[in-house]
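Please look over the sequence and the model below before reading on. The paragraphs that follow lead from one residue to the element around it, and then to the rest of the chain.

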Amino acid sequence: MEDYPPEVRSAPLLLCGLVGATQIHGQLTKVLHESAMKEWGNTRVKYLSFSYDMRIPPCKRGGKDAPGYRIGGILKRRWLEKVCNL
């Protein structure tokens, strides 16, 4: 297990995304954190704050649907560290 990078060995984080009403995100984060501590004793929560104009880009088509498509690899180096440290 020591051969794996720390981001794989550590426990996953609970992720909470807040969309819109950004002026109250600080209050919501505090209340959600307190309730998580009371219910589960979990302090490892990641909060992401987005405004109403946040856009999720559409899925790109073509690569997997193209004939002769081959998977180059399953995991890329440091991808999990980048995702965990948004």
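Where is the place of His25? His25 lies in helix 2, which covers residues 25–40, helices (H or I, at least four residues) and strands (E, at least two) being DSSP runs numbered from the N terminus. This is a predicted model, in which local features need pLDDT of at least 70 and side-chain atom pairs count only at pLDDT 80 or more, while totals for chains, interfaces and linings use all residues. Residues are numbered from 1 along each chain as its sequence is written, and side-chain values use heavy atoms, with hydrogens and water left out.

His25 is buried, because its relative accessible area is 5% (buried means under 20%, exposed over 50%, partly exposed in between, with a 1.4 Å probe and protein chains only). Leaving aside residues up to four places away in sequence, His25 touches Leu18, Val19, Gly20, Ser49 and Phe50, where contact means heavy atoms within 4.5 Å.

The end C-alpha atoms of helix 2 are 22 Å apart, in agreement with the 22 Å that its 16 residues should span at 1.5 Å a residue (the expected span is 1.5 Å times one less than the number of residues). Just after helix 2, Gly41 takes a positive phi of about 70 degrees.

Met54 sits in the loop between strand 2 (45–50) and helix 3, and with a relative accessible area of 30% Met54 is partly exposed. Although Met54 and Val19 are 35 residues apart in sequence, their C-alpha atoms are 8.2 Å apart in space.

As for pLDDT, the predictor's confidence in each residue from 0 to 100, the chain averages 76, and 71% of the residues score at least 70. Among the elements of the chain, helix 2 has the highest mean pLDDT (85) and helix 3 (residues 79–84) the lowest (70).
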